[in-house]
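The stops below are given in the order to select them.

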Amino acid sequence: MKRVIPVLVLSVAGLIPVWRYEPSTGTTSTTEAASTPSVSSSTSSSGSSGSTTFTGTTVATEKGDVQVQVTFEGDKITAVKMLKQPNHPQTTAAVPKLIAETLTAQSADIDTVSGATLTSDGYKESLQAAIDAEAAAASASPSASASAAASASRTVAGTTVATEKGDVQVQVTFEGDKITAVKMLKQPNHPQTTAAVPKLIAETLTAQSADIDTVSGATLTSDGYKESLQAAIDAKGA
């Protein structure tokens, strides 16, 4: 037994270096990608609801093709991106200047960049084509905008009407000019009222107005309902 102990100690000691220098399998490494200079403006966000993008024509030049893509917020130019451009140092240097001038001028009426005349001329021609496309789309959109506005949902609460049974208040949802939903915000806690409300709402959706019949047995609630309903209709039209 006395001889066994040193052997065990040496064996354990021999394992320590192996354990200490075992390579870790959980190590990760990251590599940064080289960034490529961008020639586009990024002043607009792609998530903007009013953002539209138009692509200009491809203009052939002696140096190479030029094509511009323009982003508008409403009628304002917020970003310009080069889809095609000559592979030339003077073009690379000129494009940021052309874009900056476009964002300032808000048109294709910009100066030619010295040393990049051909690219500048092609840029302005493609830019103007994109601007013309946006103008054509805008001129065709008023009817679509009116239609979208007409179909927009709006909820209006009528006035609170005090009755002997309790307060009555109606909330009305419109899709354009159409009443699509009615909700009671306040109503008397009474069985006849509870029974009358679905009938009043159903008649409202059919008549599309406050010109509806009084529910028998719930005259006070019906009158308060119609008064609050009319107030909501009037408020929507205001």
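A nonpolar core here is a set of buried Ala, Val, Leu, Ile, Met, Phe, Trp, Tyr and Cys residues joined through side-chain atoms within 4.5 Å; buried means under 20% relative accessible area, with a 1.4 Å probe and protein chains only. This is a predicted model, in which local features need pLDDT of at least 70, side-chain atom pairs count only at pLDDT 80 or more, and totals for chains, interfaces and linings use all residues. Residues are numbered from 1 along each chain as its sequence is written, and side-chain values use heavy atoms, leaving out hydrogens and water.

Select Val 68, Val 70, Tyr 123 and Leu 127 first. Within the largest nonpolar core, which has 20 residues, these four touch the most other members. Strands S3 (65-73) and S4 (76-84) and helices H2 (89-105) and H3 (117-140) each give two or more residues to this core; helices (H or I, at least four residues) and strands (E, at least two) are DSSP runs, numbered from the N terminus.

Next, show Val 170, Phe 174, Val 182 and Ala 232. They are among the 19 residues of another core, apart from the largest one.

Now select residues 219-237, helix H6. Its buried residues include Tyr 225, Ser 228, Leu 229 and Ala 232. Among the elements covering them are strand S7 (167-175), strand S8 (178-186) and helix H5 (191-207).

Finish on Ser 228 in H6. Is Ser 228 buried or exposed? Ser 228 counts as buried because its relative accessibility is 0%. Beyond its neighbours within four places in sequence, Ser 228 has contacts (heavy atoms within 4.5 Å) that include Gly 158, Val 161 and Val 170.

How values were computed. The expected span of a helix is 1.5 Å times one less than its number of residues. Buried means under 20% relative accessible area, exposed over 50%, partly exposed in between (1.4 Å probe, protein chains only).
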